[in-house]
Amino acid sequence: MPELPEVETTRRGLTPHVRRRRIAALNVYDRRLRWPVARGLARKVAGQRIERVGRRAKYLLLGLESGTLLLHLGMSGNLRAVPADTPRLKHDHFDLLLDSGLAVRFNDPRRFGSLVYTEGEPGEHPLLARLGPEPFTAAFNAEYLFRITRRRRVAIKQLLMNSNLVVGVGNIYASEALFRARLRPQRQARTLSRADAARLMRAIRAVLRQAIRAGGTTLRDYLKADGSPGYFRQRLYVYERRGRPCRRCGSPVRALTQGQRSTYYCPQCQK
Ligand SMILES: [Zn+2]
């Protein structure tokens, strides 16, 4: 599943191809995404210039002259920038044709992705309005993390994955950040000290930064935004390493299920 680093990598890869370009047409081949692509959307966006390429949580935001396209990759989606006459593949659902002759092409076998348009302030759109702070902003700091863990009995890993509290910390990165912070994923959030919260905040940023630098982590069907298949796996410490030796101490990595998601940790290194 594309997580924040994949989306950010996509944003960075797409930006030089789309910024300041005009949308010549939006061709929708299959409207049946997570929410059906609105009829009439093509008419609304055609002719508009793309002024900004932003991201909020896992949404790509294409800022147009009179509105914003909110694009989500879902469970299995990817975007490529390809010459418009490139033959379509199975599961290519729409093309955003640009005046440069390139098409931004969306492929999504499982169709949990979405394409929504708003003419209002994008941050106030119902999909974005309730999201917590971005991990790289000043609003997400050690004091904030400490404060949101107070009186909460929920396991710290599940708290991290609650996008109303902080966005972008998906399953892989929550496990990896907790390993680096030496905290057990099943620890009740309220038991974290201020020092734990500070260490965890730094670990979250470090893990995400490294993943963005590596161009994302694990998606087999992920393509870089320029269409190249390059994509290399980040070195993971615990994720999907059940029974294998901890890279720090050699103890076997353990796995458990939390909220129907697999969690991995080292029983020696994490307390
Ligand atoms: Zn260990």
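**Entry 1: a hairpin**

I began at β6 and β7, which form a hairpin with three residues between them. G101 in the turn has a positive phi of about 95 degrees. The model is predicted, so I noted its terms: local features need pLDDT of at least 70, side-chain atom pairs count only at pLDDT 80 or more, and totals for chains, interfaces and linings use all residues. Residues are numbered from 1 along each chain as its sequence is written, and side-chain values use heavy atoms, with hydrogens and water left out.

Helices (H or I, at least four residues) and strands (E, at least two) are DSSP runs, numbered from the N terminus. Two strands pair if DSSP finds at least two bridges between them. β6 and β7 run antiparallel and are joined by five bridges. L96 has V104 in β7 as its bridge partner.

I then looked at the strand β1 (residues 23-28). It pairs with β6 in the antiparallel sense over five bridges. Here A25 has L97 of β6 as its bridge partner.

How many of the residues of β6 are buried? I found seven of its seven, so I call β6 mostly covered. Buried means under 20% relative accessible area, exposed over 50%, and partly exposed in between (1.4 Å probe, protein chains only).

**Entry 2: rings**

Next I checked aromatic pairs. Rings of Phe, Tyr and Trp (its six-membered ring) pair if their centres lie within 6.5 Å; planes under 30 degrees apart count as stacked, over 60 as edge-to-face and the rest as tilted. The count comes to four aromatic pairs. One of them is F94 with F106: the centres are 5.1 Å apart and the planes at 20 degrees, so the pair is stacked. F94 lies in β6 (residues 92-98) and F106 in β7 (residues 102-107), so the pair ties together parts twelve residues apart in sequence. Both F94 and F106 are buried.

Y239 and Y264 make an edge-to-face pair, because their ring centres are 5.4 Å apart and their planes at 70 degrees. Y239 is in the loop between α6 (194-214) and β9 (254-258), and Y264 is in strand β10 (residues 261-265), 25 residues apart. Y239 and Y264 are both buried.

**Entry 3: helix α3**

I moved to α3 (residues 142-149). Which of its residues are buried? I listed Y144, L145, F146, I148 and T149. The buried residues of α3 pack against α4 (156-160) and α6. Contact means heavy atoms within 4.5 Å.

At the start of α3, a side-chain oxygen of N141 comes within 3.1 Å of the backbone nitrogen of E143. After α3 comes R151, with a positive phi near 60 degrees.

**Entry 4: Q270**

Q270 is in the segment after β10. Is Q270 buried or exposed? Its relative accessible area is 0%, so Q270 is buried.

I looked up its polar contacts (a pair of N or O atoms within 3.5 Å; within protein, one must be able to donate a hydrogen and the other to accept it, and residues adjacent in sequence count only if both atoms are side-chain atoms). The Q270 side chain reaches the backbone oxygen of L178 at 3.4 Å. A polar atom of that side chain lies 2.7 Å from the backbone nitrogen of C266. Not counting residues up to four places away in sequence, Q270 touches residues including F179, R182, P185, V238 and Y265.

**Entry 5: cysteines**

I counted zero disulfides, a disulfide being a pair of cysteine sulfur atoms within 2.5 Å. C246 is buried at 4% relative accessible area. C249 counts as partly exposed, at 37% relative accessibility.
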